[in-house]
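The exercises below concern one protein chain. Please examine the sequence and the model before reading the solutions.

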Amino acid sequence: MNIRPYIGWAGDKNVRLASYSSDAGSTWSPPQPVPALPDWGFADEGSTCSDPRSKRLHFVHPDSHARENLTVWTSADDGRTWAGMANVFPGPAAYSDCVVLDPSSDAGQGREVGVLFERDSYEKISFVHVETV
């Protein structure tokens, strides 16, 4: 589970948190910092999507001190490490949702992500196709 740092969190600053479950969500690990995923404290939202067969996980969130520069981070190991980044939109952007467009199959690898997001100070909603690493 990807978590925004919460009031009372005394750990690392300006990073997202993660909690893991090995029993389909019945129990969760204590939150732990994910230094590769920034969170500057203004945006509670961050969307995630995954391709379970390839273990690819994608996280969409602004890579900025403001609500702009919407970015997709990619993990190839179910969120244990985050190596890839791809820009979605450089300007003002806010809430988003994402979907894996090429789930693992004979041809797909879970690398193509569709991102639906608010942009231009909430004036427009856009859909963008992003090729991740």
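The model is predicted: local features need pLDDT of at least 70, side-chain atom pairs count only at pLDDT 80 or more, and totals for chains, interfaces and linings use all residues. Residues are numbered from 1 along each chain as its sequence is written, and side-chain values use heavy atoms, with hydrogens and water left out.

**Exercise 1.** Determine where serine 19 is found, and whether serine 19 is buried or exposed.

*Solution.* 
Step 1. Serine 19 is found in the loop between β2 (15–18) and β3 (32–38); strands (E, at least two residues) are DSSP runs, numbered from the N terminus.
Step 2. The relative accessible area of serine 19 is 3%. Serine 19 is therefore buried, since buried means under 20% relative accessible area, exposed over 50%, and partly exposed in between (1.4 Å probe, protein chains only).
Step 3. Leaving aside neighbours within four places in sequence, serine 19 is in contact (heavy atoms within 4.5 Å) with Met1, Ile3, Trp28 and Ser29.
Step 4. A polar atom of the serine 19 side chain lies 2.5 Å from the backbone oxygen of serine 29.

**Exercise 2.** Identify the salt bridge formed by arginine 16 and classify the burial of arginine 16 and of its partner.

*Solution.* 
Step 1. A salt bridge is a side-chain nitrogen of Lys or Arg within 4 Å of a carboxyl oxygen of Asp or Glu. The whole structure holds four salt bridges.
Step 2. In one of them, arginine 16 pairs with aspartate 39, with the closest N and O atoms 2.6 Å apart.
Step 3. This pair links distant parts of the chain: arginine 16 lies in strand β2 and aspartate 39 in the loop between β3 and β4, 23 residues apart.
Step 4. Arginine 16 has a relative accessible area of 2% and so is buried. Aspartate 39 also counts as buried, because its relative accessibility is 2%.

Note on methods: Helices (H or I, at least four residues) and strands (E, at least two) are DSSP runs, numbered from the N terminus. A polar contact is a pair of N or O atoms within 3.5 Å; within protein, one must be able to donate a hydrogen and the other to accept it, and residues adjacent in sequence count only if both atoms are side-chain atoms.
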